[in-house]
Amino acid sequence: MSENNSSSNTVNRPGTRRLRWIIACIGLGLAAGIIMWMADPNAALESKDPPKGSYYNLLVDGFRAGHLNVNRELPPQLVRLSDPYNPAFNSAAVGPVNDLSYYKGKLYVYFGVTPALVLYWPWVALTGHPISDRAAVAIFFALGLAAIAGLLYDISWRYFPETSPWIVALSVLSMGLMLGLGLSGNVYEVAIVCGFAFAMLALAALWRALNEPPHSVFWLAGASLAYGLAIGARPTLLFSMIILLIPVAQACLKTAGSPGKVGVLIAAAAGPVMFIGLGLMIYNALRFGSPFEFGWHYQLNGSYDPTTAHQFSLHYFWFNFRSYFLEPFGWTGRFPFLHAAPTLHMPAGYDTGTPGAGGAIWCRYPLVWLVFVLPLAWAVSNRQTVTPLHRFAAALFLLFVTMTFVLCLFFASSNRYELDFLPALLVLVVSGFFGAERAGAGSSVRRSLIRIFGCFLLVCSIAVSVLGNVEGHAESHYFCGNISMYANRFADAAIEYQKALALWPDCLDARDGLGNALLNEGRLDEAIVQYQKALTLEPQSPDAHERCGDALFQKGLLNDAMRQYQKTAELKPDFAQAHENLGTCFAKAGQLDEAITEYELASKLQPDSAGPHYSLGNVLRLKERTTEAVTNYQKAIELEPEFIPAQVSLADMLATSHDPAIRNVDHAIALMENANRITAGKDPQVLRTLAVAYAQAGRYPDAITTAKKALALATAGSNAQLIKKLQMDIQLYQAGSPGRAAGR
């Protein structure tokens, strides 16, 4: 048998080959159609904005304008933060720019640049209109799946001509569904699916390089170019480029191979990918001053601090390996009957803000069980020593192993990350199934049983993929709801959470998220109902108790709110916010000593938080412990220099106190003038306190002018209580009286 192994000219006649190709295309079309039908059109990051608002289109706008940063305005509050990367301080500021990189006053996309260069930019140049992230994901996925279909078709035609073309089509269909049903079309998937597409194109070119020695240099250069573009989309694919050396090794092992030919192959394998790598290094250096910095260390997000987090570590390996390969699905008695594996205990430093992998791949994709019979199947069906098929299998195995190792070192896990390693494994497994079918060729019964078993696994994989991704789509709606929450689109967030709950009624996070959205809309009764349902699902959830307490507090049900906060503190004793909330309840109820105790405990549990010190200062002031109140206000401002309420309260005390040890009118004026600059003259309470300080200093014209500005703002805001106070203040200032404290 020759190394190129087309074993049956009869089976491989041109008409049969065309039939195989047509049927493979049918499988491809069915898979792509089902995925597009099931994909959620509202799941994109900018789902309620036009495609122009997506990060990749903003990046293209920047490129067309001659710079590398995105065309998006910086949130003013972000610029004022002393540490914009710390989620403890930036949660209110990063919503509109979440998951962009912020460096030296500019915003950058840290996702791989390849999608912008090969699709987004050409698309807008040709059509004049931006492309949506969902359409980009669909195009890249179809491209990658087409490469897989071509591979399986050619593998069966060259090496397993006895394999029915309908089995090839069913294999393409099942792989398309297994790989694509979890996709929702958001910006996070664009780079991943782009990397998948170009990695599969690289594999297809590598296959041709192995099987067509006369044209191996051309095909290997194409594989290198495609793989370089894959790395440009997904830098984590870097270490897997070792697969490009497989054709070089094949040439070295051939007796007829010459050093010159080997050298040319090495250049073809290394040249394009190194050229693209050099371009990426220059791109990074121009943006962040380092060729190896893609922007991750300057990422804005609300779940971890990129300046201190460890992105890759052996510490995460076992947790990720268990998530991807060992933890099975759970079973329920209600549709969709499957739910993701329970969340494992996360290692220190792990990103808790990302969705985890949803169960071991051997459970979600029964087809991978065939990997255990693959060596035996090929040993029986291909008795010669080594063929290009075996070398290509080595490339698939190397891609799978290296990418699995890299992802298991990563500090987060997600089903969408499986596109980095799962396609190589599935192509390997399906090829092994073709070999198993040939191994049974000597007996029609045995061959039929092998076909039935293989098709059974294919069908099971499709069924499990469909059922398993119901929960996955619910999670997509949940995370879309989170994105809308970041952007303060609470009505949109509520709709997304409701969609998630329609698919997965027992999703605690979606139930809690819906409560949060309703709470922010002021729909308190509905929010309380959702929190109570969440507590029915998980009675020991401290977050649900806290949120329920927030809704009850806003509704004025202090005792009920207090019970919820006490339960939160009981379940999570070191949760500073629970004690701060309890303190607020006690203060509202007039139980000032109890409030002081809770605020002091909160400040000890979270010493770098300004809130407890500010609240403690307010209660101490009511208790006329003025020196301690001033100390706490000063501590709050020290921790958060732009904390306006603390500055207002401190300035009020400094300006109006009768205690010479505390009174400092000049400092009060300086504080409020600075606060007025920070708030751009738009905060009526800041202006009122500044007017009080001016009056206490005897600067009545300034006090009158400032108080009138505050009155105009209060009138525009329909703040009746503040309007009445300011009118009285102005009358006193016009009469030459310093008036009263701003806080009274």
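What is the relative accessibility of Trp219, and as what does this residue count?

Tutor: Trp219 counts as partly exposed, because its relative accessibility is 23%; the classes are buried (under 20% relative accessible area), exposed (over 50%) and partly exposed in between, for a 1.4 Å probe and protein chains only. The model is predicted: local features need pLDDT of at least 70, side-chain atom pairs count only at pLDDT 80 or more, and totals for chains, interfaces and linings use all residues. Residues are numbered from 1 along each chain as its sequence is written, and side-chain values use heavy atoms, with hydrogens and water left out.

Searching the whole structure gives 38 aromatic pairs. One of them joins Phe218 and Trp219, whose ring centres lie 5.3 Å apart with planes at 70 degrees, so the arrangement is edge-to-face. Rings of Phe, Tyr and Trp (its six-membered ring) pair if their centres lie within 6.5 Å; planes under 30 degrees apart are stacked, those over 60 edge-to-face, and the rest tilted.

A tilted pair is formed by Tyr614 and Tyr633, with 6.1 Å between centres and 45 degrees between planes. Tyr614 belongs to helix α25 (residues 610-622) and Tyr633 to helix α26 (residues 626-639), so their pairing ties together parts 19 residues apart in sequence. Helices (H or I, at least four residues) are DSSP runs numbered from the N terminus, as are strands (E, at least two). Tyr614 and Tyr633 are both buried.

One aromatic cluster includes Phe317, Trp318, Phe400 and Phe405. Elsewhere, Lys572 sits over the face of Phe575, 4.7 Å from the ring centre; this requires NZ of Lys or CZ of Arg within 6 Å of the ring centre and within 35 degrees of the ring normal.

Phe239 occupies the loop between α9 (216-233) and α10 (246-253) and is exposed, at 58% relative accessible area. Beyond its neighbours within four places in sequence, Phe239 contacts Thr402 and Val406, contact meaning heavy atoms within 4.5 Å. Phe239 and Thr402 are separated by 163 residues in sequence, yet their C-alpha atoms are 6.7 Å apart.

In helix α23 (residues 576-588) lies His579, which is buried at 8% relative accessible area. Its side chain makes a polar contact of 2.9 Å with the side chain of Glu598. Such a contact is a pair of N or O atoms within 3.5 Å; within protein, one must be able to donate a hydrogen and the other to accept it, and residues adjacent in sequence count only if both atoms are side-chain atoms.

Among the buried residues of α5 are Leu119, Tyr120 and Val124. The cover over the buried residues of α5 includes α2 (55-64), α6, α8 (187-211) and α9. Helix α6 (residues 133-159) is itself mostly covered, with 20 of its 27 residues buried.
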